[in-house]
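Hi,

Here is the structure I said I would pass on.

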Amino acid sequence: MTRVLVMIPSGEVYDHNNVRWYSHQDIQRNLNHYHNIGDAFVFDSSLKLLKYDRLETLTIREFNPAEVDRLRDEFDYVVLRGSNYIHGEMDWEMAEQVLRRLGLPVLAFGIGAQAPVDGKLVLSDATKNVLRLIAGSTTSVGVRGAYTAEVLEDIGISNTRIIGCPTAFRHNDPGLRITLPEIDRIRKVGLTVRREVSPAYARDIRQYLTFHRDLIKSVAARFDTVLMAQGELEEKKLVLGTPAQKDQAISSLRENAWVGEWYLDDDIECLYRNSMFYSDVVADYDACVKACDLVLGYRLHGNLMALANGVPALYFTYDSRTREFAETFRIPSFDVFSEKVFRLSDYWDQGLFDRFNRAYEATYYAMGDFLSENNVPHVMRERAPAQLRKVVALM
């Protein structure tokens, strides 16, 4: 019997390993609360790869010694859901005290670092202490890419393994391949939108938003387009709100100086009102991307959800996180701050996606090895003997 604690979950679990946002049926309750449903993608996908009989949340907001002692006796290990925890503003609350007393292995399941636009990443002592505790509790630390591994190496953590993100492997298929159809057969395109962005990480907000605007308009002019949002309040209201709330959302967007000047015009408003998708249920995103012939855009996990379902996806990179994801999985990507002109035809090359196919398979097995070496029961498949011989031959 395997008993798992989840540290920093993102949503409620139903039917054993499916995730949706808390009180998802109470639309008005969640409409004014920002949460990135992409975090729930990672949580949902992580659960789908693990074998467990019991699941409970490890609370780090407070330190209750008696409660921590109970959890130590009743559970086997902790999962830290993969996310962007390694940055200068991370608040670990009481995690250090909780983890020190708990003494259980903490599985870092694809954690990542975020680099600022200017200067070197500076981590707090609390962040360093928590990361060192985690690293010392297990054989290896699962990170999303090379940059994160370098950041951890700088603070003395060398037992990292690059495993990407569980979202890529949510359907547990090591043989998944992206095969491009003829470009003139593309009919429906999903575009993952991210209107809100921090100047601390994206170096030119004007270029970011104007490129984003022009991309949406050019895609919508050519294809049947669905805009896939992941949590911004105005976008949620345009999908789930009352008519009055939808009008209020548009007014709020117009009043935002950056958005009003560089992003929202009549065409974008029309698309926002009529072509926006959002849900508080992860499974709904599976269905949404499956209905698309192509997904492109700004969202890490929205694009990765498409790839996990065998749908071609392109990344538009704008910060260290998006670049690291694209590099780990060799996903075709376009830098929004480059001086180049984006042309879809330039990326419609099976050779580019064959690089992803190879990286996907290698990272799939790396993740399985990571779980096995940390003695975590899982459902990921082992390499076939022929694959093992090939790996040995390449060493």
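Let's start with helix H13, whose buried residues are Leu-300, His-301, Gly-302, Asn-303, Leu-304, Met-305, Ala-306, Leu-307 and Ala-308. Buried here means under 20% relative accessible area, exposed is over 50%, and partly exposed is in between (1.4 Å probe, protein chains only). Helices (H or I, at least four residues) and strands (E, at least two) are DSSP runs, numbered from the N terminus. With 9 of the 9 residues of H13 (300-308) buried, the helix is largely enclosed by the rest of the structure. After H13 comes Gly-310, with a positive phi near 80°.

Before going further, a word on the source: this is a predicted model, and local features need pLDDT of at least 70, side-chain atom pairs count only at pLDDT 80 or more, while totals for chains, interfaces and linings use all residues. Residues are numbered from 1 along each chain as its sequence is written, and side-chain values use heavy atoms, with hydrogens and water left out.

Next, strand E1 (residues 3-7): 4 of its 5 residues are buried, so E1 too is largely enclosed by the rest of the structure. Strands count as paired if DSSP finds at least two bridges between them. E1 runs parallel to E4 (residues 54-58), joined by 5 bridges, and Val-4 sits opposite Leu-55 there. E1 also runs parallel to E5 (residues 77-81), this time with 4 bridges, and Met-7 faces Leu-80.

What does Arg-195 contact? Arg-195 lies in the loop between E9 and helix H7 (205-222) and is buried, at 7% relative accessible area. Its side chain makes polar contacts with the side chains of Glu-234 at 3.0 Å and Glu-235 at 2.7 Å. (A polar contact is a pair of N or O atoms within 3.5 Å; within protein, one must be able to donate a hydrogen and the other to accept it, and residues adjacent in sequence count only if both atoms are side-chain atoms.) Setting aside neighbours within four places in sequence, the contacts of Arg-195 (heavy atoms within 4.5 Å) include Tyr-208, His-212, Glu-232, Leu-253 and Tyr-272.

Now the voids. On a 1 Å grid over the protein atoms alone, a cavity is a set of points where a 1.4 Å probe fits but cannot get out, and a pocket is an open set with protein on both sides within 12 Å along at least five of seven lines; lining residues have an atom within 4 Å of a point. Grid points are joined across faces, edges and corners, and a volume is the space filled by probe spheres set on the points.

The largest pocket comes out at about 810 Å³. Of its 31 lining residues, Asn-36, Asp-39, Ser-83, Asn-84 and Arg-321 are the closest to the centre. The lining splits into 11 nonpolar, 11 polar and 9 charged residues; Ala, Val, Leu, Ile, Met, Phe, Trp, Tyr, Cys and Pro count as nonpolar, Asp, Glu, Lys and Arg as charged, and the others, Gly among them, as polar.

The whole structure has 1 cavity of 30 Å³ or more. The largest cavity is about 40 Å³, lined by Gly-82, Ser-83, Gly-110, Arg-144, Cys-165, His-301 and Phe-325.

Last, some backbone angles. Most residues other than glycine have a negative phi. His-16, however, has a positive phi near 75°, and Asn-172 has one of about 55°. His-16 is partly exposed at 43%, whereas Asn-172 is buried at 12%.

Cheers
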